[in-house]
Amino acid sequence: MVHVTTKIDRADKALIDELGTFSAATIHEAQGRKGALDSGIKPIDRDMSFCGSAFTVVCHPRDNLMLQVAISYAQPGDVLVVSSGDQPAGQFGDVLANACVARGITALVTDGGIRDSREIRELGFPVFSKHVCMEGTVKETLGPINQPLVIGGQLIRPGDVIKGDCDGVVLVARDEVAGAIAASRARDAAEAGYIERYKNGETPIQVSGLASILEAKGLTVDE
């Protein structure tokens, strides 16, 4: 068994950068309301955002050995996506965050825990985690790097594109990035049109075409 797979296919950088201009919520809605990770995985600072290629790693609960290995092999622009059993232990802190910055890694997403959150915020490295916990971890158990894994209720494959911001984290399959960009662009344009109609005095009932739906449901108003 090979534990570390280093050669993975990644989406074109220009496409990743363009996808990153849209919000996670917009991408989620635009691609058919799919790809949203568990809402408990949140940024440690609401101003943090990122978009990059998934570099997947499985850590044994309360063990960060393979996370350290992953940092050693990840490429600039990669997002470390760490499945570690949804355990509240500080498997990642400011020392490893500095290692990530030095290697050009884009962000870390984990269903586990992190610590040294103030120092990481000051460093500005995007970290999205399920837990913040001061308890430490061990370095004992080997696991796979760059194999498909499930985190936050989503199956993520190496090279898939991950976008995160203050609303959470969304997955876009590597071969669907161009379509997600087009759909997100169309959604942003449509929403801009809705906002303009509101400014011109229309109501949500009018803009969203709800009159017939409300009538069918029997809505009554004392007018």
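Select β9 and β10: the two strands form a hairpin with two residues between them. Strands here are DSSP runs of E with at least two residues, numbered from the N terminus. This is a predicted model, where local features need pLDDT of at least 70, side-chain atom pairs count only at pLDDT 80 or more, and totals for chains, interfaces and linings use all residues. Residues are numbered from 1 along each chain as its sequence is written, and side-chain values use heavy atoms, with hydrogens and water left out.

β10 covers residues 168-172 and runs antiparallel to β9, joined by five bridges. Two strands pair if DSSP finds at least two bridges between them. Pick lysine 163; valine 170 in β10 stands opposite.

β2 pairs with β9 in the antiparallel sense over four bridges. Serine 53 faces valine 161 of β9 here.

Now show the side chains of β9, residues 161-165. Five of its five residues are buried (under 20% relative accessible area; exposed is over 50%, partly exposed in between; 1.4 Å probe, protein chains only). Val161, Lys163 and Asp165 point one way, Ile162 and Gly164 the other.

Cysteine 166 is in no disulfide. Is cysteine 51 buried or exposed? Cysteine 51 counts as buried because its relative accessibility is 16%. Cysteine 166 is partly exposed, at 36% relative accessible area.

Terms used:
Disulfide = S-S within 2.5 Å.
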